[in-house]
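Thanks for asking me to look over this structure with you. Please keep the sequence and the 3D view open while you read.

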Amino acid sequence: MRLKIVAILKNPVILINMTKREKLIDRLLIKPTDFTWSELTKALGCFGYKQISAGKTGGSRVRFIHPEFPPIILHKPHPKPVLKHYQLEQIIEQLKQEKLV
(Lines give C-alpha, C1' and ligand atoms only; values in the text may rest on other atoms or scores of the structure.)
Protein backbone atom coordinates (compact mmCIF):
# COMPACT_ATOMS: atom_id res chain seq x y z
CA MET A 1 0.00 0.00 0.00
CA ARG A 2 1.38 3.38 -0.98
CA LEU A 3 0.75 6.44 1.17
CA LYS A 4 1.06 9.98 -0.05
CA ILE A 5 1.50 12.99 2.25
CA VAL A 6 -0.59 15.82 0.87
CA ALA A 7 0.44 18.63 3.18
CA ILE A 8 2.64 19.12 6.17
CA LEU A 9 0.53 20.54 8.96
CA LYS A 10 0.21 19.95 12.67
CA ASN A 11 -1.82 16.87 11.74
CA PRO A 12 -0.50 15.51 8.43
CA VAL A 13 -3.18 14.47 5.96
CA ILE A 14 -2.52 11.09 4.39
CA LEU A 15 -4.34 9.78 1.33
CA ILE A 16 -4.58 6.07 0.76
CA ASN A 17 -4.70 5.04 -2.87
CA MET A 18 -7.92 3.05 -3.04
CA THR A 19 -8.63 0.69 -5.90
CA LYS A 20 -11.76 1.10 -8.04
CA ARG A 21 -13.12 -2.03 -6.34
CA GLU A 22 -12.66 -0.54 -2.86
CA LYS A 23 -14.24 2.75 -3.91
CA LEU A 24 -17.24 0.94 -5.41
CA ILE A 25 -17.78 -1.17 -2.28
CA ASP A 26 -17.46 1.91 -0.06
CA ARG A 27 -20.01 3.66 -2.26
CA LEU A 28 -22.42 0.71 -1.88
CA LEU A 29 -22.06 0.75 1.90
CA ILE A 30 -23.05 4.41 2.24
CA LYS A 31 -26.34 3.61 0.43
CA PRO A 32 -26.36 6.50 -2.06
CA THR A 33 -29.65 7.52 -3.66
CA ASP A 34 -28.15 7.18 -7.15
CA PHE A 35 -26.56 3.70 -6.99
CA THR A 36 -27.15 2.08 -10.39
CA TRP A 37 -27.79 -1.48 -11.52
CA SER A 38 -24.48 -1.63 -13.38
CA GLU A 39 -22.62 -0.54 -10.24
CA LEU A 40 -24.40 -3.29 -8.30
CA THR A 41 -23.46 -6.00 -10.80
CA LYS A 42 -19.81 -4.87 -10.63
CA ALA A 43 -19.84 -4.71 -6.82
CA LEU A 44 -21.38 -8.16 -6.43
CA GLY A 45 -18.92 -9.47 -9.01
CA CYS A 46 -16.13 -8.32 -6.71
CA PHE A 47 -17.49 -10.75 -4.10
CA GLY A 48 -17.74 -13.65 -6.55
CA TYR A 49 -21.45 -13.39 -7.43
CA LYS A 50 -22.60 -13.99 -11.00
CA GLN A 51 -25.81 -12.62 -12.52
CA ILE A 52 -28.33 -15.18 -13.79
CA SER A 53 -31.66 -14.32 -15.43
CA ALA A 54 -34.75 -15.92 -13.94
CA GLY A 55 -35.70 -17.46 -17.30
CA LYS A 56 -38.09 -16.62 -20.11
CA THR A 57 -41.03 -15.80 -17.86
CA GLY A 58 -38.97 -14.32 -15.04
CA GLY A 59 -39.68 -10.73 -16.02
CA SER A 60 -37.33 -8.34 -14.28
CA ARG A 61 -36.31 -10.83 -11.57
CA VAL A 62 -32.58 -11.43 -11.47
CA ARG A 63 -30.59 -13.85 -9.37
CA PHE A 64 -26.98 -13.38 -8.32
CA ILE A 65 -25.44 -16.72 -7.43
CA HIS A 66 -22.30 -17.53 -5.47
CA PRO A 67 -20.67 -20.96 -5.15
CA GLU A 68 -20.62 -20.80 -1.33
CA PHE A 69 -23.43 -18.47 -0.25
CA PRO A 70 -27.21 -18.22 -0.76
CA PRO A 71 -28.33 -16.36 -3.90
CA ILE A 72 -29.35 -12.71 -3.91
CA ILE A 73 -32.66 -12.35 -5.75
CA LEU A 74 -34.15 -8.99 -6.68
CA HIS A 75 -36.01 -7.11 -9.36
CA LYS A 76 -34.02 -5.14 -11.87
CA PRO A 77 -35.17 -1.52 -11.58
CA HIS A 78 -36.90 0.06 -14.57
CA PRO A 79 -37.36 2.38 -16.36
CA LYS A 80 -34.52 4.08 -14.44
CA PRO A 81 -31.57 1.86 -13.49
CA VAL A 82 -31.31 3.31 -9.95
CA LEU A 83 -31.79 0.92 -7.03
CA LYS A 84 -34.26 1.63 -4.25
CA HIS A 85 -33.01 2.26 -0.71
CA TYR A 86 -34.60 -0.93 0.65
CA GLN A 87 -32.82 -2.99 -2.03
CA LEU A 88 -29.44 -1.61 -0.99
CA GLU A 89 -30.22 -2.31 2.66
CA GLN A 90 -31.18 -5.93 1.89
CA ILE A 91 -28.07 -6.52 -0.19
CA ILE A 92 -25.75 -5.00 2.42
CA GLU A 93 -27.44 -7.03 5.17
CA GLN A 94 -26.90 -10.28 3.26
CA LEU A 95 -23.26 -9.39 2.53
CA LYS A 96 -22.76 -8.70 6.24
CA GLN A 97 -24.37 -12.01 7.22
CA GLU A 98 -21.94 -13.82 4.93
CA LYS A 99 -19.08 -11.72 6.42
CA LEU A 100 -18.13 -10.35 3.03
CA VAL A 101 -18.21 -6.72 4.26
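Here are my notes, going from the overall layout to single residues.

1. **What you are looking at.** This is a predicted model, in which local features need pLDDT of at least 70, side-chain atom pairs count only at pLDDT 80 or more, and totals for chains, interfaces and linings use all residues. Residues are numbered from 1 along each chain as its sequence is written, and side-chain values use heavy atoms, with hydrogens and water left out.

2. **The layout.** The protein chain has three helices and five strands, and along the sequence they come in the pattern β-β-α-α-β-β-β-α. Helices (H or I, at least four residues) and strands (E, at least two) are DSSP runs, numbered from the N terminus.

3. **Surface and contacts.** Of the 101 residues, 28% count as buried; buried means under 20% relative accessible area, exposed over 50%, and partly exposed in between (1.4 Å probe, protein chains only). The chain exposes about 7,500 Å², with carbon and sulfur atoms supplying 56% of that area; accessible areas come from the Shrake-Rupley method with a 1.4 Å probe, and for residues only the protein chains shown count as cover. Among contacts (heavy atoms within 4.5 Å) with a separation of 6 or more, 39% join residues 24 or more positions apart.

4. **The sheet.** In what order do the strands of the open sheet run? The order is β3-β4-β5, with antiparallel pairing; two strands pair if DSSP finds at least two bridges between them. β3 (50-53) and β5 are the edge strands, each pairing on one side only. From one strand to the next, the twist averages 30°. Four bridges join β3 and β4, and I52 stands opposite R63 in β4. Helix α2 packs on the sheet and touches β3, β4 and β5, its direction making about 20° with that of β4. For such angles, axes are lines fitted to C-alpha atoms, for helices over the stretch in contact, and the angles run from 0 to 180 degrees between N-to-C directions.

5. **The core.** A nonpolar core is a set of buried Ala, Val, Leu, Ile, Met, Phe, Trp, Tyr and Cys residues joined through side-chain atoms within 4.5 Å. The largest one here has 20 residues, and L40, L44, Y49 and F64 touch the most other members. Two or more residues come from each of α1 (20-29), α2 (37-46), β4 (61-65), β5 (72-75) and α3 (85-97).

6. **An aromatic pair.** Rings of Phe, Tyr and Trp (its six-membered ring) pair if their centres lie within 6.5 Å; planes under 30 degrees apart count as stacked, over 60 as edge-to-face and the rest as tilted. There is one aromatic pair by this rule. The ring centres of W37 and F64 are 5.7 Å apart and the planes are at 50°, so this pair is tilted. W37 lies in helix α2 and F64 in strand β4, 27 residues apart. W37 is buried at 7% relative accessible area, and F64 is buried at 1%.

7. Setting aside neighbours within four places in sequence, Q94 contacts Y49, P70, P71 and I72. D26, in helix α1, is partly exposed at 39%.
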